[in-house]
Structure formats: structure tokens, C-alpha cells
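Subject: Structure handover

Dear colleague,

I am passing on the structure below, followed by an account of what was found in it. Please read the notes alongside the coordinates when you have time.

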Amino acid sequence: MGEVTYRSAMRKRRGLASAVLGLTVGLVFGLLIGGYRILVSNNLQRSGWPSSSSFSTVSPTPRSLILEPTVRNMPKLSDDERINSSSGSLVFVGVMTAKKYLDTRAKAVYETWGKELPGKIAFFSSESSTVPENCPDLPLVPLPRVDDSYPPQKKSFMMLQYMWNHYGDRFEWFFRADDDVYVRTDRLENFLRSVDSRKPMYIGQAGRGNSEEFGLLSLEYDENFCMGGPGVILSRETLRRIVPHIKYCLQHLYTTHEDVELGRCVQKYAGIPCTWSYEMQSILYHNSSGDQAFTGNLKRKEVHRAITLHPIKTSPYMYRLHNYMRGLKVQDLQQEKIKLQRDIYTMTKELNINLDHLKYYQVADAVPLFPVNPYSENYPGDTEILGVPLGLRTFKPTISDEVIPWDFISKSEYSLADFNPRRRIHSDIKEGLEDITREVMASINACSRQRGRVVDERSALYGYRRVNSYGADTILDLLLVYRKYRGKKVTLPVRRHIYLHQHFTGLEIREVINGEGLKEDDQENEERSVQNLSHGRFLDSNSKSRKNMNIVQKKIIHFILPLSGRYEVFQRFLQNYEEVCLTTDEKTELLVVLYQHKVEDTLNKTIDLIEQLKYKYRSASINVILGSGEFARANALHEGVTKMKDENLLLFIDVDIVFTSSALHRIRLNTLMSKQIYFPIVFSEYDPKIVYESSKKHDKYDITEIAGYWRQFGFGIVSLYKKDYDVVGGFDLSIRGWGKEDVVFFEKVVKSKIKIFRAADKNLIHVFHDVECGKELSDTQLSMCMGTKADTYAGLETLAKIIYENPEYLKFAKEKRLKLTKAGS
């Protein structure tokens, strides 16, 4: 045996110690790694992610493994509401929003298209989100461990998981939407019902990133994603395949784009890309204008043919768009109504039934054709008018005077009915022609996909248009471009004539009192309808009608008249006020704000005249306020307003105005507290010495082009409530002298939230008087004053007649112009 040396013994001891040390270190590391895994698993369960064991199944994640969010107002489904068992179980819409948008964007979505879905909707936000006070029934899901930071990858994936876990077996489709998208729910339903939801579907507007991002999104050459803005639609099968792998998808993010990562996850675990279809650009439409998108004209083909519209960044524009879409729906229903009336009309002719007896016709015993009373508002209308067959010869003249000529339309409009034979195409006509062209092109291209061709409109070369008692007839010569993209490709310019008849749909009548519509029971008792017109029964004076009209007639109009001098004119005003108001017991009060005139010494005479009228009508309310200092209309009216109460109806009037009781009735009707201010357009007389012979008396209420003109630039006559005067901000009291205060006040009302009602009133007449433009006026006031003085001289026809009869005027003008030209040179 060999001798055991000291070195070999030490080597054995060192090897044993190394083994013990390695075993100890390994054991410690193993305990640390195991504890870390347990900690991560617990954190995942608290955050709502399924544990790794749950990925082995494709059924919804057990509720016990997920921290449930504190939801509010979530839609409840009955046991019989399953897939294909209910019209309300087609689609579940999840809207991603943020805490700061819950009371604006989310509220607008819920109150517009969210109420009309063929399914249910819920809003998903951060963990700290709560239901807004202005929309307490908003269905809200505050996702645990989710904030409102951008990009919202976690919010998007956790929303999909929540929808699958709670509604996976209840809906065919699942829609991922943003809070700035508008959805046409009727078209969405038609679209989804045409697609097999049992197959894995990932529907949206396909994208691969913009030019700057191309190649940076880690997409293979055959991969894409559905752009999130216009909305993403997932079938139940697609959601079933991807939900178990949400943890993996969140842990392997390659970009900051949430929609890109969702597309990557769908491609990996559902095995499908986003729909490669050119049509999706118009079906799920994205406007690249940003905040200005859909804030302008909505009458565009992109808006009309889309299912979703994105983005609508401001909630008022969401409501505006929704109202526009509802208007289109009303048009569709009216068109269906006309078609049904034409069918009834045709069948009555075939069955030899008298149209006069159609209202009460019974198709069988006790089974009326129209199940409602002919005088009810729900009556579908007069078949004799609405059911007339389609055509351009609907109206048949019986005498030569009834023949309606056509207007010719090209770049201008040529009409026999207008004083100017050639004029620009008015905006309403232009808009109507654009509507016609858009609808015609939509009808032509309705089956373009099946036929493999599309027809585009290039321009309207010319057209004809007329309006008769049945509707509007239009003939258009259109230049079109025919494009065939299936088979042999062809592109050809073609011209086509379009013959179109737009039928009137009947009158829609709604009676309002003080801006509020009648209650439903009142409307039923009143029996308002189009038929009441033809039978002379419209607005019959029954007890309820008289009661409603009395509410308006009881309004007291408080006249506020600023006055300085002008004694003879004031006499005429008081005489008019006496005849119209005092002798007929009109509900009016008169307040005169009286100032001393610089030249006329008529202050005391004016006060005596008012006292005489007060003595004659002792029950009348006629008062005077004596103003101090220099007269200014704004200050005088403001001083009168301060004596009024908030609920008083005020009329700012001038001493040159004459009026009738009809004008007062319209003032009461057209002025609504906190809603509407009435700026009537008065008729202003020309100088009667020029228009008429000096000895000839004339009717002040004679509305003709010779007698005067509508004072469109004047805003001094206005009726409003004292409360609204204060809300708008009142007059600018710094304005002195003549004019401008009414224009500034009108601009204030325009900028306020109160609506303006402005219309011509034939019973408010501004009697002619000489205009004096003092040198003390500012340049703006002097220019306005001189313009008014020139406008009130006479009309164009009268001035032309004067020049033709007095050629020396023309000679004088030529000589003056020549002198000015020489002086300038």
C-alpha cells in the first residue's frame, strides 16, 4: 500500500467542503426562484390575468381566479337571451375611454348610437373611474390595475378578456370601439347578419403602418392589423382563441401601438389576418382631418355610405351627427310611405274602388284598411295625393295659364319667374342638386361589387327644374366615368340623362305654446292633422285651443320708448298706441324715457300730452322717466330696462314706428324666455314727396318696391325678456349719439346661447323722416347715418325714372366726374 501523504488528505477534505458549499448555494437559489414564481403568480391573479394553468382550456376563465371590477349599470341578460335566440344578442360593444372623458365623449356615445344597438354596450376605463353625475345610468367597468396612460395595450386586452368571461356565450360578435367613433347601428346589424359568425373573423380597416413606420412594426410580409380608430369587429370564435393567450401577448409587446399588438395576437393564436378588402376604407371610415373631422358639411358620400365614422373629438358634434343620421332615417321611412301609398293607389284602380271612400274602406268585416281615424295625427296621409304614380306628367294643367315652365340650369340659373332672367344658382337649389346626384350615383353603384364595375360622376353639364303641386321635377345631363375592373378592364366617359321626380310627403304639423310642444293628451284632443287643413278644421277654436292661445295673449308687452324732442311725431305714435292698445284692452304698458332736446323746447308739452292720455284711460299703465344729460339711445333704453322685472316682456321701439295688433301677437309668439329673442325686420318708407305727389295721401301699410324697402341692416326694434337682456350683457353704454348701439347689441346676442328669430313683419312700419347726420358723430356712425339717408330717398325704379325725365341730372354728374378726374390727374 502506498503511503498517505499530507497533500492527498487535504485534497479530499477540500473536495468535500466544495460539494457541501455548492449544495447549500443551489438550495438557496432554488428557494429564491420558487418564491419569486409564487409571488408573480399571485400578482397576476390580483391583476386579473389568468394563471398559466388556465391557458390549457379555451373556456371562459373561472371567476374565482380573477379580481372582479366594481361594475356599474351593466346590462342584464335573461337566460333565454343566447346566441341566435334574440335580436338583442347580436353584438356586444366594448368602448375604451378614460376617466376625463366619461362625462363628455362616453356620455355622448351612450346617449346617441349606444341606445340603438342590436345588442349591449359597456364602457371600460381606469380602476379609479366612477359613473359621471350627468349620466348616472352609464354602464361602466373600471378595470382593476389599469390606468389611463397611453398607449392603452393593457386596457384593450383586459377589456376583451372581460367581454369573453362575462358574455362569451351570449353574443355572436364583439366590437372593440373608441369613445370618438360613431356607429350606424342599422347598417352594422345588416352587415354582421350577412357574415358567418361561427368562423374566426377579424374585421376592420387593414393597415401596415404609415410610410414612416413601415418595417418598424415587426410585421411579416403577409401580416397586417386592423386599425383601432374606426373600430375592430371580432367573431366569437376569434375571441375564444385569443383570450387564453392574453398574458403572453401582453408580455411580448414589440410596439407602442395597441391595435398593432392586437393584430399580432390574433394572427398568432387565431391564425387570421385583418380583412384585406378595399371596401373597408369606406365602410369603416377614418377621416384624417383630426379635430376638424365631421365638423363641416355632412352631406358627403363618405358619410352616407359608412358604417362607422372616426374621429368625432367633441361631444356636441356627436349629437349633431346623430341627429343628421336620424334625419336620413326619416327620409327613408318617408320614401317607404310614398311607395306603400302608390301600391294602394294602384290596387284601388285595379279593384275599381273610389278614392274618396278609401279613408273608411274595409278590407273585411270590421277590418279597416287604415286602422286609425282619418283626423288622427297617425293617419298615413291622403292616398289621392301621396299615391300618384311616379312620373314627370303627374300634374296635368287644364288651361294654358297652369302650364309650368322649366328653369334652365347650367353654370347659372335662367328662370322666367325671376326679375333677373339670369342669376347665380341659389344655395338651396345647389344643395338640392347635389343631394339628387349623390342619391342617383348611390343607386347606380348599389350592385357594383357583383357586377365588377363602378360609375363615378364627373360633372353635371346642364339641367331643367320645376316645382308643381305634387313635388319637384328635375332633368340632369350628367358626364359619368364608367370603370370596369373585372375581366377586361375598361374606362370610358359616358353621358346620361337623369329624369327625377321628388314627391312631397305631406305636411307635418306640431303646435307649440311658449316654445313647448303640446302634451300628448292635448294633441289627441286637438286632433291636429293634415286632413284638418283640407276640411277647414285646422286649429279649430275649441276650449283647449282657446285656453292655449290665452296663455300667449296674457303676456304683457312693456313698451320702452326713448324720446328727445320730435313732439309732432310723438303725437302720431300716441294716437297709434291708443287705437291699437288702449281702445282694445291689449295687455301692454308704455314707459317713455324722456330727454330734453338741444333745440326743441317741447319737454313740458310732451309730459302734458302723456298726462292727458293717462287721464282719458285711467286703468292704463303709462309712465315717464326723465333722463339727465345728453341723449343717447343706448342709455335711455338701459335706464328703462332697470325699472323692469326679470319676467317682463320688453319691446324696444322708436317713435317713428307704427304698428298693428297683429305685430303685437307675433311679438308674444316669437319671444321666448331664455330661448329666443325676436328681431323683426321693419318695412321702411321712402320719401313720400319723391314717391308720391305731395298732395296725395298714401297707405302706410302698402308693401311694394315703390313704397319702401325692408330694413335688413336695422336691429333697433327688438323684443326680449329683461332676464335675457342681462344674460346677453345689455347695451354698450359708451356709445353716444346716433346709431351703432343696436348692431353691437345684436352681435352680443349672436355670440350668446340664446337663439335669434329674425323675420320680416308687414305690420311694423318705419315712417319716413328726414335724417340729420351731425358733425359730432364718429366716422363709423357718420358713415352709417349717411348710408341710411341715401337708402331712404327712393327706390331704384323711382330714381331711374327721375333721371330719365331730367337729363340735366345726368349731365351734371358727368361734369362733376370729369372735374374730379382732372383734379386727380
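Buried here means under 20% relative accessible area, exposed means over 50%, and partly exposed covers what lies in between. Please keep in mind throughout that this is a predicted model.

By that cut-off Asp761 is buried, since its relative accessible area is 0%. Because Asp761 lies in strand S30 (residues 755–766) and Arg666 in helix H20 (residues 661–670), the pair ties together parts that are 95 residues apart in sequence. Arg666, with 25% relative accessibility, counts as partly exposed.

A second salt bridge joins the side chains of Arg566 and Asp656, at 2.4 Å from N to O. Arg566 is in the loop between S22 and H17, while Asp656 is in the loop between strand S25 (649–652) and strand S26 (657–659), so this pair links parts that are 90 residues apart in sequence. Asp656 is buried at 7% relative accessible area, whereas Arg566 is partly exposed at 24%. In the salt bridge between Asp148 and Lys155 (2.9 Å, N to O), the lysine, Lys155, is buried at 5% and Asp148 is partly exposed at 32%. The count of salt bridges comes to 28.

Turning to the strands, S23 (residues 588–595) is mostly covered, with seven of its eight residues buried. Strand S22 (residues 557–564) runs parallel to S23 and is joined to it by eight bridges, with Leu563 standing opposite Leu594.

Elsewhere, an open sheet of three strands has the order S5-S11-S10, with mixed pairing. Strand S5 (182–183) and strand S10 (284–286) stand at its edges with a single partner strand each, so one side of each is left without a neighbour in the sheet.

Finally, Ile803, Tyr804, Tyr809 and Leu810 make a nonpolar surface patch of about 470 Å², to which helices H25 (796–805) and H26 (807–824) each supply at least two residues.

With best wishes

Definitions and conventions. Residues are numbered from 1 along each chain as its sequence is written. This is a predicted model: local features need pLDDT of at least 70, side-chain atom pairs count only at pLDDT 80 or more; totals for chains, interfaces and linings use all residues. Side-chain values use heavy atoms; hydrogens and water are left out. Patches are made of residues with over 30% relative accessible area and no salt bridge: like charges are joined within 9 Å, nonpolar side chains (Val, Leu, Ile, Met, Phe, Trp, Tyr) within 5 Å. Accessible areas come from the Shrake-Rupley method with a 1.4 Å probe; for residues, only the protein chains shown count as cover. A salt bridge is a side-chain nitrogen of Lys or Arg within 4 Å of a carboxyl oxygen of Asp or Glu. Helices (H or I, at least four residues) and strands (E, at least two) are DSSP runs, numbered from the N terminus. Buried means under 20% relative accessible area, exposed over 50%, partly exposed in between (1.4 Å probe, protein chains only). Two strands pair if DSSP finds at least two bridges between them.
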